[in-house]
Structures are given as structure tokens and as C-alpha cells.
Amino acid sequence: MKPRIAILTVGGIGSGYFSQGVPVLMELVEHLKHNYKLSVYSLTAPNKDFKPQGFRLQAVPLSYRVSFWIRACWFFILFIKDLFFHKPQLIHAFWGYPCGVLAVLLKKVFRIPVIIHLQGGDSVGIPEIGYGIFQKNDRKAKIIKWAYKQANHLICLSNFQKNTLKQNIFTQEPFIIPYGIDTNIFVALNIEKNISNSLKIIHVADLNPVKNQNMLLLAFQEILKHIPEASLTVIGLDTLEGKIQNLAKDLGVNKYIHFLGILPRKEIVEHLQKAHILLHTSFYEAQAVVVAEAMACKTIVCGSNVGLIADLNPLYTQ
């Protein structure tokens, strides 16, 4: 009899473009289903054409635009209805808020142990861009501190994230478990990357404030002064309504940049394999899985001292 685990998530399973969801979360579920009886509870519905294989998926059939509390009530109904036949021995919540809070509430009522798997904004507060749960005088921060202290275990994705968390809350020592990558997919091409003619730079991240693409373009502008043949490929969803593209025009570097938007995973791998350098300029990262993906493709990584890059930096105090 396989142990029963309930996974709580905001979304990321069979959703989004190409139904690839959050790829690392999808891969983790695919891995766990072989050894555990999985019930995945999602606060947002997957795409209509997505069919889970080897695990149960119970999703709130409402858009994320619907009030969170309405979706939370629907989630509790789904979970309670499952208790007789599918009561889990462990609740594994992804994202401290809101899923970690919901998981702790279930723990209090049904005495089920809880692990909270912290993601990007779950351990930080950057008021300049309104990023992260630990914003000053935010009631969510008080709620999340309570939830973290009530959880049986916390998981961080990097030592950098753990140290950031400790700056905001004194709690139990978290486990450090970075996301892995599929090295059957992310592999290096058997070719020599010659940069004598041109330098191919790639950036893989959604266009949003925390990824700090302003710095990306300024850095690329400086690179062009020394390597006029350089090019930059940017892959990711544009949430800034063209602001980064307009900045590229203002800086005079737009003709050297290819904004490709969202691509299927296979195509992202191909771009990483052909690039010489991954340039990653985030204000903050809990891990930055793309760093590991690039290194697996034998692509040089350069970026701000956060997340996995900080952990790999021998000068960073762990």
C-alpha cells in the first residue's frame, strides 16, 4: 500500500501555455506518483485538454480572477469530501501563501502533518517593487509567520532563500532541497561554441519587476560597446505590456534583441544549447531553475548574486 500524500498548490499543474504548467512542479508530481498515492488539490483549474496520469487532480473550477476566499471555500469542500476514501498521511503545500496557510488550517482540524515548500516570494519582502510576502505592516506577513511556525517542516530551495527567510522570521531550521532538472532533456550539444564571430546571450524569465530586465538591457548595452556582434534572446511572458521593449528602443539596442515570448519547453532547451551565456539579472530568486538548466547545456551563467547563483558563489556566506 503506497503512502498517501496530498499536494496543495495555487496552480501549475496542466495549466498555462502548452499545458506545461510550472514544469518543475509537473516533473516532481510525475516523479512522486511512482512511490506515493498522490491527490493534488489546485486552487485554479487546469486546461480543459489536460488529463492527469497516475495521480488524482482535484481542482477548483474557477478562474484565479474569482475571489480567493470563494476559491478557498471550494477547496475545503473538495478536500473534506475526499477524507473518507483518500485521507492523506501528509499534506505537502507549495507556496507559503496561500497554500501553506490553508494546509496548516487543515492540520489543526484533522491532525495531518504539514510540509510547506517555500517558493519565490515566500521568504522575502522587497517594498520598492511590492514583491514578496513580508511587506511592512502587511497582515499577510503576520498570518504567514504563524503558519510557518505551525508547520511540521519547511523546505527552502537554496541556502540564499533560507538566509533571507531568517532575516524576516525566526523559525525552525528549514530543509534545503533545490529543484532538480531532467538531464535527459537538458543536455549539451556535441559542438564547439565558437564566439569569434558573435556572442549569443540568452535570458529566460517572464518580463516582470522582480526579474529586473531594466538591468538586463543596461548590461547588454555595455556588452555591445565591446562586442558589437553580440545578440540577446529573451524568452518569457511579457507582464509589463511592452515596457521592456520600449526601453530597448530608447537605449538603441532593440535591433540586437529577439523577444520570443513564451515557448514550449523543447524550444527553450534548443535556445539554451546554442547560447554562449545565460544572463540573469533578478532582484531576488529562491533558486532560479534556469541556472541549472543552462549549466546542464554547458552554457556559461552570469547574473546577480541571488538564489542558486549565490549558493554557487564561493564568496557568498552560507
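Trainee: How many helices and strands does the protein chain have?

Mentor: The protein chain has 10 helices and 12 strands. Helices (H or I, at least four residues) and strands (E, at least two) are DSSP runs, numbered from the N terminus. This is a predicted model, where local features need pLDDT of at least 70 and side-chain atom pairs count only at pLDDT 80 or more, while totals for chains, interfaces and linings use all residues. Residues are numbered from 1 along each chain as its sequence is written, and side-chain values use heavy atoms, with hydrogens and water left out.

Trainee: What order do the strands of the open sheet have?

Mentor: The five strands run β10-β9-β8-β11-β12, with parallel pairing. Two strands pair if DSSP finds at least two bridges between them.

Trainee: Which strands stand at the edges?

Mentor: β10 (257-261) and β12 (300-303); each has a single partner strand, so one side of each lacks a neighbour in the sheet. From one strand to the next, the twist averages 25°.

Trainee: And how many bridges join β9 to β10?

Mentor: Four, and the two strands run parallel. In one of the bridges, valine 234 has phenylalanine 259 of β10 as its partner.

Trainee: Which strands does helix α8 touch?

Mentor: Helix α8 (residues 265-274) packs on the sheet and touches β8 (200-204), β9, β10 and β11 (277-280). Contact means heavy atoms within 4.5 Å. The direction of α8 makes about 145° with that of β8. Axes are lines fitted to C-alpha atoms, for helices over the stretch in contact, and angles run from 0 to 180 degrees between N-to-C directions.

Trainee: Where does α9 lie?

Mentor: Helix α9 (residues 289-296) lies across β8, β11 and β12, at about 170° to β11.

Trainee: Changing topic: at what angle do α6 and α7 cross?

Mentor: Helix α6 (residues 213-226) and helix α7 (residues 243-251) cross at roughly 25°, and their axes come within 10 Å. That makes α6 roughly parallel to α7. Angles under 35 degrees count as roughly parallel, over 145 as roughly antiparallel, 65 to 115 as roughly perpendicular and the rest as oblique.

Trainee: Which residues meet there?

Mentor: Gln213, Asn214, Leu217, Leu218 and Gln221 of α6 meet Ile244, Leu247, Ala248 and Leu251 of α7.

Trainee: What about α3 and α4, at what angle do they pack?

Mentor: Helix α3 (residues 96-110) and helix α4 (residues 139-150) pack at about 50°, with axes 9 Å apart. The two are therefore oblique to each other.
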